[in-house]
Amino acid sequence: MDPLLAAELARCDDGVTFNPKLHHAHSTWAKTFLSRPDLYFQPESLAEIEKIVKLAHRCHRRITTTGSGHSPSSLTCTSSWLLNLDKYNRILSLDKSTGVVVMQAGIRLYQLCDELAKYGLAMPNLGSINEQSIAGAISTGTHGSSLYHGTMSTSVLSLRITTADGVSRFCSPEEDPDLFRAAVLSLGALGIITEITFQAVPEFTLKWQQVIDSDIKMLNSWNKDLWTQTEFVRVWWYPYTRRAVIWSAEKTSEPPVDPPSSYYGGALGYYVYHNLLYAAQYIPRILPWVEWFVFGMEYGFANGSKSQAIQPSRQALLMNCLYSQFVNEWAIPLHKGPEALRRLSSWLNQLPPTDPDYVPHNIPFSAKDLWVHAPVEVRVSDNASVAPNSRPYLDQTVEDGPTLYLNATLYRPYYHDPPCRARYYEAFEWLMRDLGGRPHWAKNFETTGEDLETMYSDKIQQWRKVRERADPKGVFVGPWHRLNVLGSGNTLLNEEIDSGSIKVSDKIVLFSGTVSTGNNVSKS
Ligand SMILES: Cc1cc2nc3c(=O)[nH]c(=O)nc-3n(C[C@H](O)[C@H](O)[C@H](O)COP(=O)(O)OP(=O)(O)OC[C@H]3O[C@@H](n4cnc5c(N)ncnc54)[C@H](O)[C@@H]3O)c2cc1C
Ligand SMILES: O=C1O[C@H](CO)C(O)=C1O
């Protein structure tokens, strides 16, 4: 054991458990980053959490908190101390009449949804999955897809956070609003969120339908009723076939109806798709055909094909995210959506000016010989009406209007990096920046801290000020934070410089051979 830690432990003989695990391996869900923390903690009480923080502080160690490791970037990677709240996940109180629920912050969203359902309550919205912890989900700005809802953090009424001095503090829009606005989207860099008070809603059932059609039809309805036709709407856009799946859902009191099943929709489709993507690693030019075939088989080859079902919201809002993937998601003003998709299509498809869908894309990178499996997830959210004293400083959504999220997904068949990713993402991010966008904090963006600083201007400065007050020595700061949100200031006493994260690439078979990237986190 580290002699400094041994001495500090001997000094604080307080009977509180301090029980780290050694040799823990932590990886992101997509297995794009792997790290081996020195010590791994799963505390079961607040006293344990506070003790870990105090000891880290005194021993000049950094603490990273991870929920379910679903952030696709290296945000949760560390070679120092890693803490997870899976055993600190109980509901503390629940008021059925007001929908106000207080919970320990490690609770996973599926556990929360199950608990709420017992009392006739639900989360107002969900993203694609329910694996995340509530603290992890709010800490990166997780969102679903609805113009009638904001990001998940907009349902947080107050929270409790253990800051670097080992003291747990409450904050809300009324009580220490600065701390609240910094902590409600903190990227783990302020402290350990231990408790969350959340506004749930009466449980609801959704009647959804999914229609596949031409993308032009979708773009033409953009400014009419595409996003307002029902409370929840999301779109998957397939650029090579120029088609789109529109999923829309409305509350109903009708009895449940299971989604339709088809011989292809289950395991068969899953493996066929996976293996076709794998084949495309060797022959990338088949990707437009793969897109046509896979989505034709899944949703129908004819435009206008439909499917529908009626399910509880906690099932209906989820989707199967399939395989390991890179995700590069940006928030741009909603009204710029048609321009964004048309320019991306013109670039990706290298459309000639004679093509009816052609627009000048102005993207300064070539798409020649570039083949990517490029379904783009198209979603919306609206934080514009959130009161200024509760809006997160690092909120990536559009300040004064509805937000469009474009998510450039790239699957990694059997954990192999797809070809052309670097050039595709360079072009995609260039376009997103050109349209005034900001990246989703959790995802695989390449834009650097300097650009981010410009995008957030005074807000990032305000966030830093509160962060410094909560954690002056950098107990919660690692290389991802330094690169993306902390700027070029002095290295802090506890700050982790070498994360020890390991980059996993297609040259390496996962876990049977890995390469350390040396002193700094490197993006996979
Ligand atoms: C398959 C898949 C689907 C997804 N779908 C969506 C989606 O639909 N919409 C969307 O917006 N995002 C989506 N995401 C991203 C995901 O919601 C976020 O990455 C989320 O932050 C993950 O939560 P987590 O519990 O796994 O947290 P982690 O990834 O483990 O951590 C995320 C951040 O939270 C911090 N953190 C975690 N717990 C605490 C705590 N107790 N106190 C302080 N800080 C803490 C961590 O330090 C880190 O900075 C998806 C990701 C995947 C892999
Ligand atoms: O990060 C994400 O992954 C899925 C897409 O597969 C999703 O909806 C995200 O957001």
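This is a predicted model: local features need pLDDT of at least 70, side-chain atom pairs count only at pLDDT 80 or more; totals for chains, interfaces and linings use all residues.
Of the 33 residues around ligand 1, which come nearest? They are Thr65, Thr66, Ser68, Ser71 and Arg379.

**Ligand 1**

A backbone N or O atom of His70 is 2.8 Å from an oxygen atom of ligand 1, and a backbone N or O atom of Ser128 is 2.7 Å from an oxygen atom of the ligand. The side chain of Gln132 places an N or O atom 2.8 Å from an oxygen atom of ligand 1. On its own, ligand 1 has 960 Å² of accessible area, of which the protein covers 97%. Two or more residues of the shell come from each of β4 (63-66), α4 (134-139) and β11 (192-199). Helix α4 gives the largest share, four residues. By class, the shell around ligand 1 holds 11 nonpolar, 20 polar and two charged residues.

**Ligand 2**

The residues surrounding ligand 2 are Ser128, Cys321, Gln325, Val327, Glu377, Arg379, Asn407 and Lys443. By class they are two nonpolar, three polar and three charged. Strands β17 (325-333) and β18 (376-381) each supply at least two residues of this shell. Arg379 belongs to the shell of ligand 2 and is also among the residues that come nearest to ligand 1. Ser128 is likewise in the shell of ligand 2, while one of its backbone N or O atoms lies 2.7 Å from an oxygen atom of ligand 1.

| Side chain | Ligand atom | Distance |
|---|---|---|
| Gln325, N or O atom | oxygen atom of ligand 2 | 2.6 Å |
| Arg379, polar atom | oxygen atom of ligand 2 | 2.7 Å |
| Lys443, polar atom | oxygen atom of ligand 2 | 2.6 Å |

Ligand 2 exposes 280 Å² when taken alone, and the protein buries 86% of that.

**Helix packing**

Two packed helices are described by the angle between their axes and the distance between the axes. Helix α7 (residues 267-282) packs on helix α8 (residues 287-299) at an angle of about 175 degrees, and their axes are 10 Å apart. Helix α7 is therefore roughly antiparallel to α8, because angles over 145 degrees count as such. On the α7 side the contact has Val272, Tyr273, Leu276, Leu277 and Ala280; on the α8 side it has Leu287, Trp289, Val290, Phe293, Val294 and Phe295. This contact has 11 nonpolar residues, with no polar and no charged ones.

How are α12 and α13 oriented where their axes come within 9 Å? The axes of helix α12 (residues 449-470) and helix α13 (residues 479-486) cross at roughly 110 degrees, so α12 is roughly perpendicular to α13. Helix α12 contributes Gly449, Leu452, Ile460, Trp463, Arg464 and Arg467, and α13 contributes Leu483, Asn484, Val485 and Leu486. By class, the contact of α12 with α13 divides into six nonpolar, two polar and two charged residues.

**Arg469**

Helix α12 also holds Arg469. Leaving out residues up to four places away in sequence, Arg469 touches Asp176, Asp178 and Leu179. The C-alpha atom of Arg469 is separated by 8.9 Å from that of Leu190, although the two residues are 279 residues apart along the chain.

Note on methods: Residues are numbered from 1 along each chain as its sequence is written. Chains are lettered from A and ligands numbered from 1 in the order in which they are written. Side-chain values use heavy atoms; hydrogens and water are left out. Axes are lines fitted to C-alpha atoms, for helices over the stretch in contact, and angles run from 0 to 180 degrees between N-to-C directions. Angles under 35 degrees count as roughly parallel, over 145 as roughly antiparallel, 65 to 115 as roughly perpendicular and the rest as oblique. Contact means heavy atoms within 4.5 Å. Ala, Val, Leu, Ile, Met, Phe, Trp, Tyr, Cys and Pro count as nonpolar, Asp, Glu, Lys and Arg as charged, and the others, Gly among them, as polar. A residue is near a molecule or strand if one of its heavy atoms lies within 4 Å of it. A polar contact is a pair of N or O atoms within 3.5 Å; within protein, one must be able to donate a hydrogen and the other to accept it, and residues adjacent in sequence count only if both atoms are side-chain atoms. Accessible areas come from the Shrake-Rupley method with a 1.4 Å probe; for residues, only the protein chains shown count as cover.
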